[in-house]
Amino acid sequence: MSEPFEPKIVAFVCTYCTYAGADLAGTSRLKYAPNVRIVRLPCTGRISPMFILKALQKGADGVLVSGCHPGDCHFTHGNYHARRRWMVFRALLDFTGISPERVIFSWISAAEGSKFADLINSVTEDIRKLGPFDQYQQLIKETESPATL
Amino acid sequence: MAKIGVFICHCGENIAAKVDCTKLAAAMGEHPGVEVSVEYKYFCSDPGQESVKKAIRENNLTGIVIAACSPRMHEATFRKACAEAGLNPYLCEIANIREQCSWVHTDGDMATAKAADIVRSMVEKVKRNNILQPIEVPVTRRALVIGGGIAGLQAALDIANAGQEVVLVEREPSLGGHMAQLSETFPTLDCSQCIMTPRMVETAQHPNIRLLTYAEIESVDGYIGNFKVRVRMKARYVDMNACTGCGDCITKCPVKKISSEFDCGLGKRTAIYTPFAQSVPNMPVIDKASCIYFKNGKCKTCQKSCELNAINFEMQDEFIDLEIGAIVVATGFQVQNTALYGEYGYGKFPDVITGLQFERLASASGPTAGRILRPSDGKEPENVVFIQCAGSRDPSKGVRYCSKICCMYTAKHAMLYAHKVHDGKTHIFYMDIRAAGKGYDEFTRRAIEEDEASYVRGRVSKLWQENGKLMVRGVDTLLGKPVTVAADMVVLATAMVPQPNAKEFAKTIGIAYDEYGFYNEAHLKLRPVESSTAGVFLAGACQSPKDIPDSVAQASATASKVLALFSKEKLEREPVIAVNNEATCAGCWGCVLACPYNAIEKKDIRDRSGKLVKQVAYVNPGLCQGCGTCVSFCRSNSLDLAGFTEKQIFAEVMGL
Amino acid sequence: MITQEKYRTTVKELLANGSIKMAIGYRPGSTSDRRRPLFIRTSEEADQLVLDSTCITNLSGYLVTEGLLSDEKRVGIFLRPEGIRSINILAAEYQLNVDQIIIFGFDFTGREVRALQGQTTGDFSALLSEIRENPPLATKEPLLERIEKMNAKERFDFWQQEFSRCIKCYACRQACPMCYCRRCIVDSNQPQWVNTSSHTLGNFEWNVVRAFHLSGRCVQCGNCDRACPVNIPLRLINQRMAKEVVDGFDHFAGLSPTQEPVLASFKKDDTETFIL
């Protein structure tokens, strides 16, 4: 029997809320799955859809995007702008065959260390069930050989 | 060539117990571009920092990654160490392998693998870091306070007393605002005039305060530390240098029946007038709309009466341009027009009045010299009904929020009435008694227990006149019965709402407002006196309904913010700001719309002959706060965010 | 035919009295069912104008040709309703000033061409609102419905099949009136967000990014679809995204020249059911 599948998950988070929430999970010594890699941005408004595509290209089986709850944005409106983009980009990915189950969005405040830990656990389990993103990885593999017309 | 130093901290056992630091250091040493990869027990300690500095110097490192605790802990520490070692502090990145790795994972191998990913991605990021310099913005040490009510006065005096220059702009002919209209103030019942007028005089005489009354803000440009403000001085038709405030013109003015704004329509004034006897400055203005001369070119009685020749009918509005470093907005509130409650008969029955009108009746300097008399016949009312929440907390007809002050002033009104009319009866219809505050609940209890105010918990549904009485029909929800009270006077606790032009004014200064028109603070909890625009602060009821103690506290807080800003000649800011590539910018202005700080301007690009070639976005470094919302909007990828550039993030993700 | 003759006369008149410096319309192409753009500056050129049911290309993209409008003179252009919407979007994104544009509106049912009443975008606002309320039946795409019924895996396979043919010729970009950027994100190589090789991964990224950039801006004129040499049904993606912004944000692109771009604005109560 081969080793169990360990999903690779990339998280894009804002520094003021979710990153701080992740820190709180740490200082509270909450335990969660070690499958997530965090990329810190100043604000969810800075999170470009391109980041999600690049995370997938790096072999992520799932992507998590998270920031301050509406009304709590350090920059007042960054998360509202982000929310619209997410909604549109999520629909676009869905339509082109990237399941919304692989690209997850959440609001996690600086006080929600346990929400962060719980979410990482549940997302990791969900993606483990979905299995590796073979279809995408096939595309990545293809790029290693010369292009054909 | 990149020469990156990787410093892996054990944090005692905190990291080393889970992450195999030796293995990690060895692995990172193999990574392309890494010159030094070392581990140590506590890099944040003095010897730890020294070893980092030494490594930077000895290896001419081009960037460092500290793999340790969260950047929120020690980023500043290590940036400082970099600077001391001669490396630009922004060439330092922190890999968070404690809070987000060793503390949260149980499996050592997995934690080590994760730590390696984290450090590697930060190495890839730091390779693309740019040398950044803190942004220095010069600060003009002159504050503008807009509004001469209690909040504005407090802010102006605090700033001026600290030795800084203040320009105070007041729209009305006199300082004072709403507080000057009040009789006694809760919860101490001290006379409003007695505590207010000395402040007004002090402000007017303060050597550091330039007072501009009967003036309005025309435009505000610029940014924190460097605002350019244009003030319109409305024509007073009275030369303030010549006038001594003797008042002869006022006594002679033939137009005497104008309803006084200051007395809320309960008193009369002349066409040349001061709003009230204690006005500061105590110099009249001519109300152009009511003046006979301005209507038909004849009269000039006031001019003839003035021995000092101070009256000048030719006077025009003038403009004053000011250089300002910080702005305190203290524009106050207005009382909601209660005519929207047809069932209360405001405007229909003269003896249905607002709380503010009651203040004027109770004021010793008011139209009745402090006697509570009915506006209809001048008789002393024997029974007064107060209706609380006449507009507040009423989503269907009024406003959704609580106006905060009404419970207290209604209790105060009941007391004042009881003190002045000893055998008078009061009924107060209320929804809840909200008396949180120092001495507040004691105060309302006093109104009930000592001054025998009768509180009826319920709403009033109808009000009509019968046999010379105002019949107030309501419900007592505690008894579960309808009640009808025959009153001689009804006082409505009307809602506090934003000034009528609050939204347009917010646009003039470039600050945000909520659905009602109250000005938005930068953060409700942590930055309650700052607006979303750097350098613009909020004091008093323009931000939300407030009583005097809250307004004063907030005003003093704005003063401390202003003084902190003025404590240095230059303002230093983190260089995390957006920059635009003008060559590729398509000028679609989506970024202008997306920016929460109005920091993006349109910049003209001209050719050598001065002809406009195109317009591109320009990010004002004084205003940009570095959220990056514009960057991810920009379709042509022209905008970028220093410190979190597209290249850096790309490399960071690709390094995972 | 009558419409075509009427418009020829109108164009000549407007050119003669100096109301417009140029009119952009259609002329015969290489085959009987193809049309080419025609840039009319003279009365003779106006005689070449063709207006029939094969004039389907949305010409509005020619208006943002660098320098065309910088002399502030007016230009006339033949547009169908979706073209008028494009003009509104370009105006909302400050790429042109609607006062400089004289619209020769037309549309057809079957082979019947008819003129649309009006000259400036404002004249057509009632028409556009009507289209918003009652979209023409032609927008129903059986393939779109088929794709929506697929599961994620099938959809992914479907699009990879389609995108695998992409040769990154960027004809879609060239044909699209909304692709006016001076530098496209795909041409930005610091960093190289989009893989430019013709591998399917890069093709996927390119087409997804383009669709994202067109969200809330596409009017489904079909220029991209027709321009694609390998027949990728690009319009379907854009159509799906247009539906998304209408459903999600009540944003029907191109209703007016002052409409706020949907992704540069927000409402505090935007839906967020998908956010955990």
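Among contacts in chain A between residues at least 6 apart in sequence, what percentage join residues at least 24 apart? Keep that question in mind as you begin, and remember throughout that the model in your viewer is predicted.

**Chain A**

Select chain A and colour it by secondary structure, so that you can follow it from one end to the other. There are 5 helices and 4 strands to find, and along the sequence they come in the pattern β-α-β-α-β-α-β-α-α. The radius of gyration of chain A is 16 Å, close to the 15 Å given by the globule rule for 149 residues, so this chain is as compact as a globular protein of that length. Of the 149 residues in the chain, 67% count as buried. The opening question can now be answered: 83% of those contacts in chain A, counted between residues at least 6 apart in sequence, join residues that are at least 24 apart.

**The domains of chain B**

Next, select chain B and give each domain its own colour: domain 1 is 4-127, domain 2 is made of 142-231, 320-331 and 533-566, domain 3 is 248-305, domain 4 is 334-497, and domain 5 is 574-654. Then look from domain 1 of chain B to domain 4 of chain B, whose centres, taken over C-alpha atoms, are 67 Å apart.

**A sheet in chain B**

Now show the strands S20, S27, S21, S22 and S23 of chain B, which in that order form an open sheet with parallel pairing. Strand S20 (352-354) and strand S23 (454-457) of chain B stand at the edges with a single partner strand each, so one side of each has no neighbour in the sheet. On average, and with direction ignored, neighbouring strands of this sheet are turned by 25° against each other. Zoom in on S20(B) and strand S27 (residues 489-494) of chain B, which pair in the parallel sense over 3 bridges, and pick out Ile353(B), whose bridge partner in S27(B) is Val491(B).

**Val328(B)**

Finally, select Val328(B), which lies in strand S18 (residues 326-329) of chain B. Is this residue buried or exposed? Val328(B) counts as buried, because it has 31 C-beta neighbours inside 10 Å. Beyond its neighbours within four places in sequence, the residues in contact with Val328(B) include Ala143(B), Val145(B), Phe537(B) and Val562(B).

How values were computed
Residues are numbered from 1 along each chain as its sequence is written. Chains are lettered from A and ligands numbered from 1 in the order in which they are written. This is a predicted model: local features need pLDDT of at least 70, side-chain atom pairs count only at pLDDT 80 or more; totals for chains, interfaces and linings use all residues. Domain bounds come from an automatic or database domain assignment. Helices (H or I, at least four residues) and strands (E, at least two) are DSSP runs, numbered from the N terminus. The radius of gyration is taken over C-alpha atoms; the globule rule is 2.2 Å times the number of residues to the power 0.38. A residue is buried if 20 or more other C-beta atoms lie within 10 Å of its own, exposed if 12 or fewer, and partly exposed in between; C-beta atoms are placed from the backbone. Two residues are in contact if their C-beta atoms, placed from the backbone, lie within 7 Å. Two strands pair if DSSP finds at least two bridges between them. Axes are lines fitted to C-alpha atoms, for helices over the stretch in contact, and angles run from 0 to 180 degrees between N-to-C directions.
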